[in-house]
Amino acid sequence: MEKIVSLCKRRGFVFQSSEIYGGLGSCWDYGPLGVELKRNVKDAWWRAMVHERDDVVGLDTAILMHPQVWLASGHVGQFADPLVECKSCHTRFRADQLQESRCPDCGGDLTEPRMFNLMFKTFMGPVADEAAVVYLRPETAQGIFVNFQNVLATTRKKLPFGIAQMGKSFRNEITTGNFIFRSREFEQMEMEYFVKPGTDDHWFQHWLDQRFNWYINLGVKKENLRLRPHGKEELAHYAKGCYDVEYLFPMGWSELEGIANRGDYDLVQHAKHSGKDLSYFDEEASQRIVPNVIEPSAGVDRSVLAFLLDAYDEETVEKEKRVLLRLHPLLAPIKVAVLPLSRNEKLIPMAADVFKALRRGSVAQYDDSQSIGRRYRRQDEIGTPYCVTIDFQSIEDHQVTVRDRDSLKQIRVPAAALAETISSKLAGEPFDVLPPGGTKWLGFDT
Ligand code: GAP
């Protein structure tokens with residue numbers, strides 16, 4: 001973990017929030033490369049969950065919601081963790097996460113546990129009294145449930161169908177830590193899949209498979225991923241059944257995503273509290289029913305961390321250490337780097353043209369400072385899948401060299417075919433496949 005934290009800071013993936021003021025506990029800022037990686041993770045989720053399916057639509061609801069929402073959902077009453085405080089040093093801990101009966105920091109006596117609600121409160125409007133209290137949402141899911149009838153009426157979807165949303169959530173966690181794993185402000189990617197009662201077990205299994213494979217297809221190693229069923233005592237107040245997708249983080253197996261069978265809990269609760277009909281007319285059975293809900297709920301920040309951890313690699317090349325991120329091309333912040341061999345004025349016009357052509361279709365970076373070896377290292381360390389080099393021969397034969405991050409192999413490609421070659425490689429074409437006029441790989445370039 002220390003290596004990832006240090007790389008993230010050094011290369012501009014993640015910074016401590018408000019660092020110049022000493023930092024704000026458990027809040028993080030994503031830097032120029034981190035924001036690209038995070039967007040790519042979210043885009044990959046949206047593509048898999050919304051664009052590639054006929055049965056799921058998207059939504060983007062407000063963070064602030066009517067306070068009744070959280071009464072109906074059970075968050076006001078039950079979204080709490082047991083808190084104990086050390087009577088000597090006053091540090092607070094989550095009682096259910098403590099192994100010992102005394103303060104782990106100073107050995108002092110602990111108070112009796114009391115339930116601590118994790119929702120952040122704020123005030124709406126200029127009057128800071130109880131009547132104006134609203135909460136920062138602790139999950140995005142409730143925005144979906146309260147819009148169930150709006151989406152149904154406007155899309156005319158039939159069961160089974162899903163509504164997906166991603167966005168910020170806030171929890172006043174008692175204990176945070178492990179970098180971006182547990183913070184007080186984070187992002188979720190959630191989908192509520194509405195099904196006919198009695199078909200929920202089938203769809204639960206469907207979503208367990210889909211979600212597990214999503215991580216594998218984007219580069220998480222199978223041996224580092226598992227599905228763990230919740231025991232009865234662990235189940236959230238709304239859940240009929242739940243599995244965690246767990247990843248083997250450096251601190252041990254921990255939750256990446258929860259997949260829950262929520263039954264009809266949420267629609268029943270919101271119908272009761274709002275007085276609105278949230279049922280669905282089942283044409284086949286000619287009756288009104290309340291759908292059951294399967295919910296895959298993933299954390300963006302935890303996914304980013306897992307992808308980074310599994311991508312990180314170190315190897316020795318020609319007696320020198322090479323640090324690289326073997327990120328899936330879809331996730332890599334920069335897809336291709338253009339590196340003229342030097343700043344020689346003969347090379348620059350061609351390098352500029354190549355860069356212009358590549359950035360039309362891809363996220364490209366131009367770098368002409370320091371030695372070519374150093375520039376390769378910099379791109380390896382941020383996970384750029386391909387580097388394109390323009391040398392003096394390029395000016396003669398209009399060919400450029402493409403270097404593959406993972407194998408260090410090189411191919412020589414006509415400049416006119418470069419953009420198409422790069423997009424084919426990014427889409428999964430084997431590196432050794434050459435475009436017309438290309439030259440077989442030339443060996444390794446470190
Ligand atoms: N709507 C259901 C729900 O919110 P959850 O298991 O509490 O379920 C879902 O949260 C996911 O959100 C978790 O699997 C995790 O990836 C992410 N998450 C929850 N709390 C988090 C925190 N404090 N920091 C970072 N991510 C968090």
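**Strand β22 and its sheet**

Guide: Let me begin with β22, where Gln 399, Thr 401 and Arg 403 point one way, Val 400, Val 402 and Asp 404 point the other way, and all are buried. This is a predicted model, in which local features need pLDDT of at least 70 and side-chain atom pairs count only at pLDDT 80 or more, while totals for chains, interfaces and linings use all residues. Residues are numbered from 1 along each chain as its sequence is written, and side-chain values use heavy atoms, with hydrogens and water left out.

Visitor: What makes β22 largely enclosed by the rest of the structure?

Guide: Buried means under 20% relative accessible area, exposed means over 50%, and partly exposed lies in between, with a 1.4 Å probe and protein chains only. Six of the six residues of β22 are buried, so the strand is largely enclosed. As for the two directions, in a regular strand the side chains alternate between the two faces of the sheet.

Visitor: How do you know that β21 and β22 are paired, and which way do they run?

Guide: Two strands pair if DSSP finds at least two bridges between them. Strands themselves are DSSP runs of E with at least two residues, helices are runs of H or I with at least four, and both are numbered from the N terminus. Four bridges join β21 (residues 386-390) to β22 (residues 399-404), so the pair meets the rule; the two strands run antiparallel. Thr 389 stands opposite Thr 401 in β22.

Visitor: What joins β22 to β23?

Guide: Five bridges do, and these strands run antiparallel. Val 400 stands opposite Val 413 in β23. The two strands form a hairpin with five residues between them, and Leu 408 in the turn has a positive phi of about 65°.

Visitor: Why are β20 and β23 said to stand at the edges?

Guide: The open sheet has five strands in the order β20-β19-β21-β22-β23, with mixed pairing. β20 (364-366) and β23 (410-414) each have a single partner strand, so one side of each is left without a neighbour in the sheet. Neighbouring strands are turned by 25° against each other on average, direction ignored. The axes are lines fitted to C-alpha atoms, for helices over the stretch in contact, and angles run from 0 to 180 degrees between N-to-C directions.

Visitor: Which strands does helix α10 touch?

Guide: Contact means heavy atoms within 4.5 Å. Helix α10 (residues 348-361) packs on the sheet and touches β19 (336-340), β20, β21 and β22, with its direction at about 160° to that of β20. Helix α11 (residues 372-381) lies across β19, β20, β21, β22 and β23, running at about 170° to β19.

**Rings and charges**

Visitor: How many aromatic pairs are there, and what counts as one?

Guide: Rings of Phe, Tyr and Trp (its six-membered ring) pair if their centres lie within 6.5 Å; planes under 30 degrees apart are stacked, over 60 edge-to-face and the rest tilted. The count comes to 16 aromatic pairs. Phe 148 and Phe 161 have ring centres 6.2 Å apart and planes at 10°, so this pair is stacked. Phe 148 lies in helix α6 (residues 148-155) and Phe 161 in strand β9 (residues 161-170), 13 residues apart. Phe 148 has 0% relative accessibility and counts as buried.

Visitor: Why is the pair of Tyr 247 and Phe 249 called edge-to-face?

Guide: Their ring centres are 4.8 Å apart and their planes stand at 80°, so the pair is edge-to-face. Tyr 247 is buried at 1%, and Phe 249 at 2%.

Visitor: What makes Arg 403 a charge over a ring?

Guide: The rule asks for NZ of Lys or CZ of Arg within 6 Å of the ring centre and within 35 degrees of the ring normal. The charged end of Arg 403 sits over the ring of Tyr 376, 4.1 Å from its centre. Arg 302 lies over the face of Phe 181, at 3.8 Å from the ring centre.
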